[in-house]
Amino acid sequence: MKYEKEINRRKTFAIISHPDAGKTTLTEKFLLFGGAIQVAGAVKSNKIKKHATSDFMEIERQRGISVATSVMTFEYNGFLINLLDTPGHKDFAEDTYRTLTAVDSVVLVVDSVNGVEEQTRRLMEVCRMRSTPVIVFINKLDRDGKNRFDLLEEIEKELNISLHPMTWPINSGKDFKGVYNLHDKSLRIFTANTKADEEDVIAISDLSNPVVDEKLGARDAATLRENVELVDGVYGELNVEDYLAGKVAPVFFGSAVNNFGVKEMLDTFIRIAPIPKDRETNKREISVDEDKFSGFVFKIHANLDPKHRDRIAFLRVCSGKFERNTYYHHVRLDKDVRFSNPYSFMARSKDVIEDAYPGDVVGLFDTGNFKIGDTLTEGEDLYFTGIPSFSPEIFKELVNKDPMKTKQLEKGISQLTDEGVAQLFTQFGGNKKIIGCVGDLQFEVIQYRLLHEYGAACEFRTLPFYKACWLTSKDPKKLEEFLRFKQQNSAEDKDGNPVYLAQSEWFLNTEIQNNPDIQFHFTSEVL
Ligand code: G4P
């Protein structure tokens with residue numbers, strides 16, 4: 001295998017969480033360990049504090065200048081780690097879903113005070129769809145949180161995944177004393193703001209060692225022994241295969257802001273997290289160690305400066321070696337393209353790179369050639385599967401406010417939907433343009449960008465739909481009939497696939513029951 005050494009040292013993952021659980025803080029600690037940044041506070045939160053377009057645009061503008069924050073690459077213990085950033089705001093959940101298609105594993109941050117929150121639930125559904133291996137970090141142990149047994153039970157139940165504690169906390173809040181590492185049987189005493197290189201771990205081969213009482217006090221030492229016995233009895237050793245299959249999630253407790261319990265997790269991550277794997281395409285499985293290059297675009301980042309309309313397409317390398325200034329085959333457009341300035345993403349700076357290997361993410365300058373899901377190969381005609389569109393949740397009709405600018409509006413909406421900002425549906429017969437988004441904020445962003453980048457004024461008219469279902473049928477006649485009969489609720493997506501727009505769950509269920517020959521799908525993947 002030509003690139004075995006490079007593949008074996010790469011780990012590509014994302015940190016996901018409900019906003020405010022501590023994703024940004026944890027990211028920063030990882031980068032500190034990786035030596036990619038030197039001081040805390042260097043990673044800016046990409047969180048939208050207020051529900052305001054201006055706030056979002058400002059953040060996007062900053063990110064446009066420093067797209068480096070979208071992918072952070074650092075080295076740790078000989079491994080090259082690609083950490084993909086995901087937006088925290090729920091209105092941009094779809095962006096996060098797509099980023100999850102480009103990673104090999106995930107770290108999920110759960111706030112020990114708030115437990116499982118809405119956003120976490122959704123993100124985990126996507127991880128489960130793809131059987132992505134997950135490590136859980138239970139954060140903010142320095143605050144009075146939920147009882148940890150209850151919390152574990154809640155996470156297992158709500159997220160439908162089996163957990164496996166790897167560390168065990170001693171108290172929480174003001175009484176938080178540290179974590180016991182169940183795997184290597186060591187005790188780490190809590191100190192606030194632990195420095196990355198500080199070692200304050202006490203190795204104890206046996207919990208009955210009096211040093212435990214000395215460090216924790218007799219009462220907490222006794223509770224720890226009891227808990228550890230219980231936890232060991234229930235869970236035993238972690239089965240790494242179950243973790244890799246996405247069936248069991250190892251759990252760590254800590255406090256990200258104090259850099260506490262983070263190193264335990266990072267060291268385990270390095271040990272067990274998957275290296276880049278083989279990937280499915282519509283034709284065959286692409287083996288990660290094939291000599292020939294292949295990769296797909298999972299994200300497109302617009303440059304919001306109207307003077308520079310170029311965009312950056314994020315390409316995940318799946319096999320072979322990507323090289324600068326080499327022609328690759330753009331499968332959808334059936335043409336060969338090459339890139340003279342591909343970017344790699346080292347934290348906080350963009351560097352032109354010469355080559356990249358499976359697991360890496362490359363930033364490609366794009367003037368409108370790419371859309372999400374596009375595949376590049378060395379000539380083979382195939383595309384990667386598993387990059388679905390999900391049903392939007394809010395639907396609005398796009399109304400042109402300036403007939404003189406129709407062309408600009410059409411171009412603008414086409415490019416924005418290629419970027420994955422929203423989904424575009426066109427009603428059958430009526431030609432009505434319907435925009436589907438996950439959150440209201442996206443409509444504001446579209447309106448702002450259409451005006452500022454394309455000079456096209458538009459407004460939105462709310463439509464009474466709640467879900468879009470992609471339709472398939474073995475009987476094309478039945479499908480055609482259905483679409484004709486349900487014209488008010490039928491549309492085609494950007495690729496011309498038929499979609500049913502349901503007003504409510506009741507309507508949807510009724511149609512599903514009444515039309516056994518038609519399959520209703522909640523993602524576009526099936527097509
Ligand atoms: P996010 O990216 O998931 O949205 O969360 P982020 O890291 O921004 O953290 C959200 C808030 O929680 C921040 O406070 C952060 O300092 C705090 N935090 C993170 N880890 C811990 C922890 O272990 N313990 C405690 N007590 N707090 C933690 P903030 O006030 O919103 O922001 P900032 O002004 O402190 O930056």
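## Sheets, core and ligand shell of a predicted model

Strands S7, S8, S9 and S10 form, in the order S7-S8-S9-S10, an open sheet of four strands with antiparallel pairing. Its edge strands, S7 (167-170) and S10, each pair on one side only. From one strand to the next the twist averages 20°. Helix H8 (residues 218-235) packs on this sheet and touches S7 and S8, its direction making about 155° with that of S7. S7 and S8 (residues 178-181) pair in the antiparallel sense over four bridges, and tryptophan 168 stands opposite tyrosine 180 in S8.

The model is predicted: local features need pLDDT of at least 70 and side-chain atom pairs count only at pLDDT 80 or more, while totals for chains, interfaces and linings use all residues. Residues are numbered from 1 along each chain as its sequence is written.

Some terms apply throughout. Helices (H or I, at least four residues) and strands (E, at least two) are DSSP runs numbered from the N terminus. Two strands pair if DSSP finds at least two bridges between them. Axes are lines fitted to C-alpha atoms, for helices over the stretch in contact, and angles run from 0 to 180 degrees between N-to-C directions. Contact requires C-beta atoms, placed from the backbone, within 7 Å.

A second open sheet has eight strands in the order S27-S24-S26-S25-S29-S30-S28-S31, and its pairing is antiparallel. Here the edge strands are S27 (458-462) and S31 (518-521), each pairing on one side only. The twist averages 40° from one strand to the next. S28 (residues 467-473) and S30 (residues 498-502) run antiparallel and are joined by four bridges; tryptophan 470 has valine 499 in S30 as its bridge partner. Helix H14 (residues 505-514) lies across S28, S30 and S31, at about 135° to S30.

The largest nonpolar core has 124 residues, of which Val106, Leu108, Val136, Phe137, Val297 and Leu315 touch the most other members. Such a core is a set of buried Ala, Val, Leu, Ile, Met, Phe, Trp, Tyr and Cys residues joined through C-beta atoms within 7 Å. Strand S15 (residues 311-319) gives the largest share of this core, six residues. Leaving aside residues up to four places away in sequence, phenylalanine 137 touches Leu26, Val107, Val109, Phe252, Gly254 and Met265. Met265 is also among the buried residues of helix H10 (residues 262-272). The buried residues of H10 pack against H2, S2 (71-76), S5 (134-139), S7, S8 and S11 (248-253).

The ligand is surrounded by 19 residues, the closest being Lys23, Thr24, Thr25, Ser255 and Val257; a residue counts as near if its C-beta atom, placed from the backbone, lies within 6 Å. Helix H2 (residues 23-33) supplies the largest share of this shell, three residues.

A residue is buried if 20 or more other C-beta atoms lie within 10 Å of its own, exposed if 12 or fewer, and partly exposed in between, with C-beta atoms placed from the backbone.

| Residue | Other C-beta atoms within 10 Å | Class |
|---|---|---|
| Serine 205 | 8 | exposed |
| Asparagine 160 | 11 | exposed |
| Asparagine 171 | 17 | partly exposed |

Serine 205 is in the loop between S10 (201-203) and H7 (210-216). Asparagine 160 is in the loop between H6 (148-159) and S6 (162-165), and asparagine 171 in the loop between S7 and S8. Most residues other than glycine have a negative phi. Asparagine 160 has a positive phi of about 55°, and asparagine 171 one of about 65°.

Note on methods: Contact = placed C-beta atoms within 7 Å.
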